[in-house]
Amino acid sequence: MTKADIVERIHQKIGFSKKESAEMVETVFSIIKNTLETGEKIKIAGFGNFVVKQKADRRGRNPQTGETITIAARRILTFKPSQVLKNAINGTDITDEAA
């Protein structure tokens with residue numbers, strides 16, 4: 001699914017114009033991107049968590065030469081889906097697990 005597909009679905013479901021739908025999608029993604037750039041965590045109930053983690057320098061090896069190299073520190077983005085999303089993907093209901 002692309003951003004254009006999301007815009008189209010918002011247009012069909014809510015009835016906003018395509019331009020309004022596109023602006024809404026762009027605004028949401030911009031807010032998410034800017035929040036993650038500052039290192040803040042994003043928690044969307046019923047969906048999951050986006051977290052920026054810091055990875056330290058580490059030793060690695062060039063597979064072609066066998067030479068030891070240092071892999072620079074960097075920040076990585078992780079996503080952990082909520083239990084609700086996991087259940088939806090797997091077609092299970094929360095009440096099914098309690099039985």
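1. Rings of Phe, Tyr and Trp (its six-membered ring) are taken as a pair if their centres lie within 6.5 Å; planes under 30 degrees apart count as stacked, over 60 as edge-to-face and the rest as tilted. On this basis, F47, F50 and F79 form one aromatic cluster.

2. The model is predicted: local features need pLDDT of at least 70 and side-chain atom pairs count only at pLDDT 80 or more, whereas totals for chains, interfaces and linings use all residues. Residues are numbered from 1 along each chain as its sequence is written, and side-chain values use heavy atoms, with hydrogens and water left out.

3. A search of the whole structure gives 3 aromatic pairs. One of them joins F47 and F79 in a tilted arrangement, at 5.5 Å centre to centre and 50° between the planes. This pair links distant parts of the chain, 32 residues apart: F47 is in the loop between β1 (42-44) and β2 (48-55), and F79 is in strand β5 (residues 74-81). Strands (E, at least two residues) are DSSP runs, numbered from the N terminus.

4. F50 and F79 also form a tilted pair, with 4.7 Å centre to centre and 45° between the planes. Because F50 lies in strand β2 and F79 in strand β5, the pair ties together parts that are 29 residues apart in sequence.

5. Accessibility is classed as buried (under 20% relative accessible area), exposed (over 50%) or partly exposed (in between), with a 1.4 Å probe and protein chains only. F50 counts as buried at 18%, while F47 is partly exposed at 37% and F79 is partly exposed at 36%.

Methods:
Helix = DSSP H or I, 4+ residues; strand = E, 2+ residues; numbered from the N terminus.
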